[in-house]
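Visitor: I would like to take a close look at a single part of this structure, and I would be glad of one connected account.

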Amino acid sequence: MSKDDSDATEQRYQQTAPTGAAGSRFDAVAAMLFSDYSRSRLQDWIKRGFLTTDGQQRRPSDKLIGGEEIMLVLPPDALADTWEETWANGAAQIEADEMSIDFVHTDEQFYIVNKPTPLVMHPAPGNRRGTLMNGLLHFEPGLRHVPRAGIVHRLDKDTTGLCVVARTLKAHAHLVSELQARKVSREYLAIVLGDIPDAGTIDEPIGRHPKDRKRMAVVQGGKPARTHFHVLERFDYAALVAVQLETGRTHQIRVHMTHLGFPLLGDPVYTRRGASARLDSLGLQAITGFNRQALHAYRLSLAHPEDLRQREFQAEPPDDFNNALQALRDHAAQFS
């Protein structure tokens, strides 16, 4: 299963231990309060410091007195590892929400959806409604019988563009297999800061940042990750870049581009302080007001589950992305 671009940088959930929990083990109370997850997973999170009481790390076997504030803080990679378990344990409880969904393609086997910002892909504790999965279940209730309501791969909350949704078990198995075999071609458009080379491949492992668990990073011992890119347009200290994923790690494009020294415009997590100062100094409102990562899943190519013929789909970037590009073009034209 692909795990590119998890839906959030970090998620926090707070609960209060009931007074009746006095004398109960920490892991038992956690299993009651966070029932979306297995007790073994919660025990692991307690040991790793993701699940605490009153801000203090505890052992799974520690006894509670009742009334403690229990905080669950999940970094991006932990979130990526849990969504399948959340679905398996709570599919029947996921509500269907009526919403407008931009379907680029529909047939009997799958949908291609053009996801807007800031739509989250699937529910999580504390965010059970208003996600793409909720909307899909309203549009087609039968998706409850397909793993993860047919969602095969994910996009970040603030990343826009194309994703595929399987409508049948056959299509789901096929598309997951194709992703794992790296046969699904996913091309993104990104606006990056700096004077990036014309083209290149970034082949660096990605894992959780050793000091800041809100972020992922290139780290030794991380999961293999490979990203290809080439420049489409150049501007003053910025460029429009086409990026193709060979693997699908959490925040892969954002992490690899930052590691190379060319973070994405507007990225609130991976753009270092001062990195956009040169662009900000131009006074272009479409640039200075861009407050999400400038990343759009532009092209998706896959083999159809029925006849295995290759299909290709495209979606133009949204207005905020295009407005930022136009501002950069207009500024560049003044000095050409």
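Which residues have the most contacts inside the largest nonpolar core, and how many residues does that core have?

Guide: In this predicted model, the largest nonpolar core is made up of 34 residues, and Val-192, Ile-196, Val-241 and Met-257 are those with the most contacts inside it. At least two residues of this core come from each of the following elements: strand 5 (110-115), helix 4 (132-139), strand 6 (160-166), strand 7 (185-193), strand 11 (226-235), strand 12 (238-245), helix 6 (252-260) and strand 13 (295-303). In general terms, nonpolar side chains in soluble globular proteins tend to be buried together.

Ile-196 gives a view from within: when its neighbours within four places in sequence are set aside, Ile-196 is in contact with Val-241 and Met-257, and also with Phe-229, Val-231, Arg-234, Ala-239 and Phe-262.

Helix 4, one of the elements that supply the core, is itself largely enclosed by the rest of the structure, because six of its eight residues are buried, where buried means under 20% relative accessible area. The buried residues of helix 4 are Leu-132, Met-133, Asn-134, Gly-135, Leu-136 and Leu-137.

Strand 2 is joined to strand 3 (residues 69-74) by three bridges, and Leu-51 has Leu-72 as its bridge partner in strand 3.

Notes
Residues numbered from 1 in each chain as written. Predicted model: local features only at pLDDT ≥ 70, side-chain atom pairs only at ≥ 80, totals over all residues. Heavy atoms only, no water. Core = buried A, V, L, I, M, F, W, Y, C linked by side-chain atoms within 4.5 Å. Buried < 20%, exposed > 50% of the residue type's maximum accessible area, 1.4 Å probe, protein only. Helix = DSSP H or I, 4+ residues; strand = E, 2+ residues; numbered from the N terminus. Contact = heavy atoms within 4.5 Å. Pairing = 2+ DSSP bridges.
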